[in-house]
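Here is a friendly note to read alongside the picture. Please keep the model open and look for each residue as we come to it.

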Amino acid sequence: MVEIKTDAALDAMREAGRVVARALAAVRDAADVGVSLRELDEAARAVLDEAGAGSPFLGYQPSFAPVPFPAVICTSVNDAVSHGIPTGYRLRDGDLVSVDCGAQLDGWAGDAAISFTVGTPRPGDRDLIDATQRALDAGIAAAQVGGRIGDISHAIDSVAREAACGMPADFGGHGIGRSMHEDPHVPNRGRPGRGFPLRHGLVLAIEPMLMAGGRDTYRTDADGWTLRTTDGSRAAHFEHTVAITDQGPRILTLP
């Protein structure tokens, strides 16, 4: 079932989105050579706690996961595409890090992700990050009243293919509101003019994940969560929570 939000609900979701943005900024500021992934999780937890917000990630256990997720952020490093669990791994010069974060505030959820390099970027990382950001921007631009989910999917896919990047075929964006994951699913590949219609009050988490090697295949780590490229190539992930409105797309997870 797809819930169409009122304007008041969109404003409430904007406040949850601000918390997500602050948490991601805190993680980005804390990330440096020698800092552990658990320390990044602690930085995000501090922001959530200060805002009086909960974490929709902590304890989350979808059908594919053998154990509940143990942290408030996902930290995916280098060839990890998404869902990486924060561990004691300490960041090294040249690491490419993707961080996904959610917040639950006053009954509403926000969800966003960023990617960045630590220290000196490796060749190609900047291009991969830029392509993933462009894919997100294209998907958001296509999120217009009167369009369809397939318009968003096609816009993301067009940027990824132009950049010769792969995307994990089974994963994409999703509806969001009272829960972090709601209907409809938002594939990162699709045909324009197809899929669920876009109307004022529909809220979507749009999240391209690009893999530099060009393949769409991935594998899952023994932890049951972390997705990795099958060819060892690097990956990047960006995401925003976006409301479809009569005035155009409204990004709810900006600072």
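Where is the place of Trp225? Trp225 sits in the loop between S9 and strand S10 (227-229). Before the numbered points, a word on the basis of this note: this is a predicted model, where local features need pLDDT of at least 70 and side-chain atom pairs count only at pLDDT 80 or more, while totals for chains, interfaces and linings use all residues. Residues are numbered from 1 along each chain as its sequence is written, and side-chain values use heavy atoms, with hydrogens and water left out.

1. The overall fold. The protein chain has 4 helices and 13 strands (DSSP runs numbered from the N terminus: helices are H or I with at least four residues, strands are E with at least two). Its radius of gyration is 17 Å, close to the 18 Å that the globule rule gives for 255 residues, so the chain is as compact as a globular protein of that length. That radius is taken over C-alpha atoms, and the rule is 2.2 Å times the number of residues to the power 0.38. Along the principal axes, the C-alpha atoms fill a box of roughly 45 × 40 × 35 Å.

2. Of the 255 residues, 54% count as buried. Buried means under 20% relative accessible area, exposed means over 50%, and partly exposed is in between (1.4 Å probe, protein chains only). The accessible surface of the protein chain comes to about 10,400 Å², and 50% of this belongs to carbon and sulfur atoms. These areas come from the Shrake-Rupley method with a 1.4 Å probe; for residues, only the protein chains shown count as cover.

3. Contacts along the chain. Among contacts (heavy atoms within 4.5 Å) with a separation of 6 or more, 72% are between residues 24 or more positions apart.

4. Back to Trp225. At 3% relative accessibility, Trp225 counts as buried. Leaving out residues up to four places away in sequence, Trp225 touches several residues, including Tyr60, Phe64, Phe69, His83 and Thr220. The C-alpha atoms of Trp225 and Pro66 are separated by 8.2 Å, although these residues are 159 apart along the chain.

5. The aromatic rings. Which residues form one aromatic cluster? Phe64, Phe69, Phe171, Tyr218 and Trp225 do. Rings of Phe, Tyr and Trp (its six-membered ring) pair if their centres lie within 6.5 Å; planes under 30 degrees apart count as stacked, over 60 as edge-to-face and the rest as tilted. By this rule the count comes to 4 aromatic pairs. One of them is Phe64 with Phe171, an edge-to-face pair at 6.3 Å centre to centre, with 85 degrees between the planes. Phe64 lies in the loop between helix H2 (37-51) and strand S1 (73-77), and Phe171 in the loop between helix H4 (149-162) and strand S5 (173-175), so the pair ties together parts that are 107 residues apart in sequence. Phe64 counts as partly exposed at 40% relative accessibility, whereas Phe171 is buried, with 18%.

6. A second pair from Phe171. Phe171 and Tyr218 also form an edge-to-face pair, 5.6 Å centre to centre and with 75 degrees between the planes. This pair links distant parts of the chain, 47 residues apart, with Tyr218 in strand S9 (residues 218-220). Tyr218 counts as partly exposed at 23% relative accessibility.

7. Backbone details worth a look. Most residues other than glycine have a negative phi, and most peptide bonds are trans. His83 has a positive phi of about 70 degrees although it is not a glycine. His83 lies in the loop between strand S2 (80-82) and strand S3 (96-105), and counts as buried at 16% relative accessibility. Ala164, also not a glycine, has a positive phi of about 60 degrees. Ala164 is in the loop between H4 and S5 and counts as exposed at 52% relative accessibility. A cis peptide bond joins Asp183 and Pro184, with omega about 5 degrees, and Pro184 is in strand S6 (residues 182-186).

8. Leaving aside neighbours within four places in sequence, Thr117 is in contact with Arg28, Asp95, Leu96, Asp125 and Ile129.
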